[in-house]
Amino acid sequence: MEKLIIIGSGVSGWTAAIYAARAELEPLIFTGSEEGGQLMLTTVVENFPGFPEGVMGPELMQNMKKQAEKFGARIIEEIVTGFRKIKEGYEVSVGREVYKSSMVIISTGASARWLGIPGEKNFQGRGLHTCATCDGFFYKGKEIFVVGGGDSACEEANFLTKFAKKVTIIHRRDELKASKIMQEKVMANPKIDFMWNSEIVGIPGGPPLKSVMVKNTKTGEISERKIDGVFLAIGHVPNIGIFNGLVELDEFGFIKTDGRRRTSLPGVFAAGDVQDHIYKQAITAAGAGCQAALEAEKYHQELGHKK
Ligand code: NDP
């Protein structure tokens, strides 16, 4: 029987592990398929306090992992495939392997949202991408579309101009949702163009992607546009798969937590993007991971008293 299992190894997972390990909860972390989470897909992080010159996302995550290990967190590089309530607490499974724990911290994060258009899956990684820092390099001297109007779309568009000849931001409305500073950056970039009131409704032919069908959201007119690659930056969906139906969700489909990161299940806490559709920042994920671990410590003490 474990004291604490942490599922997910992004900022919130590692922070929870650091705090829990220091509190002698001997946390067992399952990293999932993308160890380090979303920051592994970024370049420089400029707004994480304590790094006036910025820090590379992967380096920050590597350091968090080291720090968790230093305090004794145990790490299993596997994807958790099952979760259920049992008499003594919770059962977490990885294929046929079963682990039992009285407490669980869910820090499974969120994944990039796809367009949801027919045949889209066939083009994933073959002209259609969700991570500019991962795949931008392949578009040296090419023309690219970036879909979305938020901070991510602007950041990705800017980054992609390092490689691409021209980047066009396709947005379904006629104004960006992004923060003012981000908007100013893309507006000032001579390699970035805009296609307003537009959305991609189809991809003709087979992979690799050569063109897309673009619909004007005002007039309904659809036209084919030749393009070398498309990067989606239209938000993220929480990774709640194995918890679906077991833990209460909020109206947006994220895990519902109270101000103390407690979920609807006793002894189960959630931290980071899986329970946050508002801030979605590395620093808020770290804060939530810390809260979850401190609450787990309190819960553990209460359990001890009851016994
Ligand atoms: P957002 O939810 O902020 O923006 C998503 C964008 O995609 C919106 O413009 C939305 O359109 C559009 N969109 C959503 N679904 C579709 C769809 N199906 N088809 C076409 N367009 C769609 O997500 P982001 O990932 O941009 O940002 C998430 C959070 O992370 C934000 O809080 C942001 O501030 C933060 N962030 C901060 C950064 C920084 O400060 N350096 C960098 C990146 C992100 P509409 O506008 O019409 O809703």
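Biologist: Is His129 buried or exposed?

Modeller: Relative accessible area decides this: under 20% is buried, over 50% exposed and in between partly exposed (1.4 Å probe, protein chains only). His129 counts as buried because its relative accessibility is 4%. The model is predicted: local features need pLDDT of at least 70 and side-chain atom pairs pLDDT 80 or more, while totals for chains, interfaces and linings use all residues. Residues are numbered from 1 along each chain as its sequence is written, and side-chain values use heavy atoms, without hydrogens and water.

Biologist: Which residues does His129 touch?

Modeller: Contact means heavy atoms within 4.5 Å. Leaving aside residues up to four places away in sequence, His129 touches Asp135, Tyr139, Val230, Phe231 and Leu232. With Tyr139 there is also a polar contact between the side chains, at 2.7 Å (N or O atoms within 3.5 Å; within protein, one must be able to donate a hydrogen and the other to accept it, and residues adjacent in sequence count only if both atoms are side-chain atoms).

Biologist: Which residues come nearest to the ligand?

Modeller: A residue is near a molecule if one of its heavy atoms lies within 4 Å of it. Of the 19 residues around the ligand, Gly149, Asp151, Ser152, Arg172 and Arg173 come nearest.

Biologist: Where do polar atoms of the protein lie relative to an oxygen atom of the ligand?

Modeller: A polar backbone atom of Gly150 is 3.4 Å from a ligand oxygen, and a polar side-chain atom of Lys177 lies 3.0 Å from a ligand oxygen. For Glu155, a side-chain N or O atom is 3.1 Å from a ligand nitrogen.
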